[in-house]
Amino acid sequence: MKFSYRNATQIFFGQGQIASISSAIPANRKVLVIYGGGSIKKNGVYEQVQAAMDGHEWLEFSGVEANPTKETLDKAVALIKEQGVDFILAVGGGSVIDGAKYVAASTHYDGDGWDILTGAYVPEKATPIGVILTIPATGSESNENSVITRSETQEKMPFASPLVQPQFAVLDPDVMKTLPEKQLINGIVDAWVHVCEQYLTKAQGAMVQDGYSETLLRTLRQLGESFADRDDDHWRANLMWAANQALNGLIASGVEQDWSTHMIGHELTALWHVDHARSLAIVQPSLLRHQVEFKREKLEQMGRNVFGLKGGSDLAERTIDSIEAFYQGLGVATQLTEHGGNKPVAIRQVVDNLVKHKMTALSENRNITPESVEEILLGAIA
Ligand code: NZQ
Ligand code: ZN
């Protein structure tokens, strides 16, 4: 085990914490408040922001879509440059936060911001970001990752930079009260797969990382199974904290990771607008079956410690079945149907996009090639 770990985001957790932003944002900053399609105007979050920002100079940019696009975000970049903004407050879910990260970095670059996604430009400076989280799922509120879509070419690509990690994030579980059931379920599934991508690799004897991952998985499983209690303060708080901890860098420290389910899933979203979490539930069971020999030991450990399964030579396979049943129990499909009807064409489109994005050697073993993706998708696409 060898790593360097720091999570530099200050978390303000709990009811009423939105008021904390008034002191968390330096008074002399000119602030751009970035948000999405308007849910914050219907649930009182916008009014709380207004009250807390009293005394600050601020302006706003709305309309960041789910799966945020470069095309929309470039308008925010122009606004920031024109207005001399020097702090960004992102109020929303992963899409708004990821969008704010792109804007924060692009603002200090004269070229096309998409260069950040292709790697042609590595951010050297970024406008500081604060976050008010409105949907627990991605962990974007306290990590350095961002995923941006270019609608013109139907591409969805990630980038990461420590410069765009938020300085603070407000996690008030009360904001979840207006979340549609579908989004709550997406949050459970996304956080679950985040833990899996950092845990389901090879056994490395990392007892702390494994143990904490299993705690998070058991918590998410329990929240899924007690979904009927979702209108309970504890239920909401537990989901919000679990989703945050699932992708804040801690459980990834010093262990192998495998983000191939995410990389393949992103292509399903880019092509057919499948919700991010739902793209993962489609890809992961088939991918795990394909990679079972490489992940057997950890799958068996997960089977015992997360699902309470009994031993046996097929324990890893039964663990994958249990993961799939968990998604189905939440009403989440584990096969893609919305691809336009022609399965071979759909598979080819995904594989071609992955090749274009140079994702030709995925997984911890770099053994998921375009041919493997084809095999995986045969089991994931209806
Ligand atoms: O736009 P508004 O009107 O706000 O509506 C949003 C949106 O339609 C709505 N919503 C959010 N908070 C709400 C609410 N509705 C009612 N009440 C509230 N309190 O929910 C919809 C979905 O929001 P979105 O931000 O898209 O969801 P999520 O947090 O799941 O983010 C998904 C995006 O994050 C990326 C995904 O690829 C996707 O683009 N990811 C980012 C990661 C990261 N930065 O670390 C990792 C993830 O794996 C993921 O890839
Ligand atoms: Zn995710």
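User: How many salt bridges does the rule find across the interface of domain 1 and domain 2?

Analyst: This is a predicted model. The domain assignment gives domain 1 as 10-175 and domain 2 as 187-380. Glu155 and Lys356 form a salt bridge, with their closest N and O atoms 3.6 Å apart, and the cut-off is 4 Å. Across the interface of the two domains, the number of salt bridges found is one.

User: What area do domain 1 and domain 2 bury between them?

Analyst: The contact involves 24 residues of domain 1 and 23 residues of domain 2. Of the area buried between the domains, 61% is on carbon and sulfur atoms, and the total is about 2,000 Å².

User: Which residues in domain 1 lose the most area to domain 2?

Analyst: Three residues together account for 28% of what the domain 1 side buries. They are Pro136, Gln154 and Lys156.

User: How many residue pairs are in polar contact between domain 1 and domain 2?

Analyst: The count takes pairs in which both residues are at pLDDT 80 or more. Between domain 1 and domain 2 it comes to four.

User: Which strand gives the largest share of the side of domain 1 that touches domain 2?

Analyst: Strands E1 (10-13), E6 (145-150) and E7 (155-160) each supply at least two residues of that side. By type, the residues of that side are 11 nonpolar, eight polar and five charged. The largest share is four residues, and the strand that supplies them is E7.

Methods. Residues are numbered from 1 along each chain as its sequence is written. Chains are lettered from A and ligands numbered from 1 in the order in which they are written. This is a predicted model: local features need pLDDT of at least 70, side-chain atom pairs count only at pLDDT 80 or more; totals for chains, interfaces and linings use all residues. Side-chain values use heavy atoms; hydrogens and water are left out. Domain bounds come from an automatic or database domain assignment. Contact means heavy atoms within 4.5 Å. Buried area is the accessible area (1.4 Å probe) that two parts lose on being put together, summed over both. A salt bridge is a side-chain nitrogen of Lys or Arg within 4 Å of a carboxyl oxygen of Asp or Glu. A polar contact is a pair of N or O atoms within 3.5 Å; within protein, one must be able to donate a hydrogen and the other to accept it, and residues adjacent in sequence count only if both atoms are side-chain atoms. Ala, Val, Leu, Ile, Met, Phe, Trp, Tyr, Cys and Pro count as nonpolar, Asp, Glu, Lys and Arg as charged, and the others, Gly among them, as polar.
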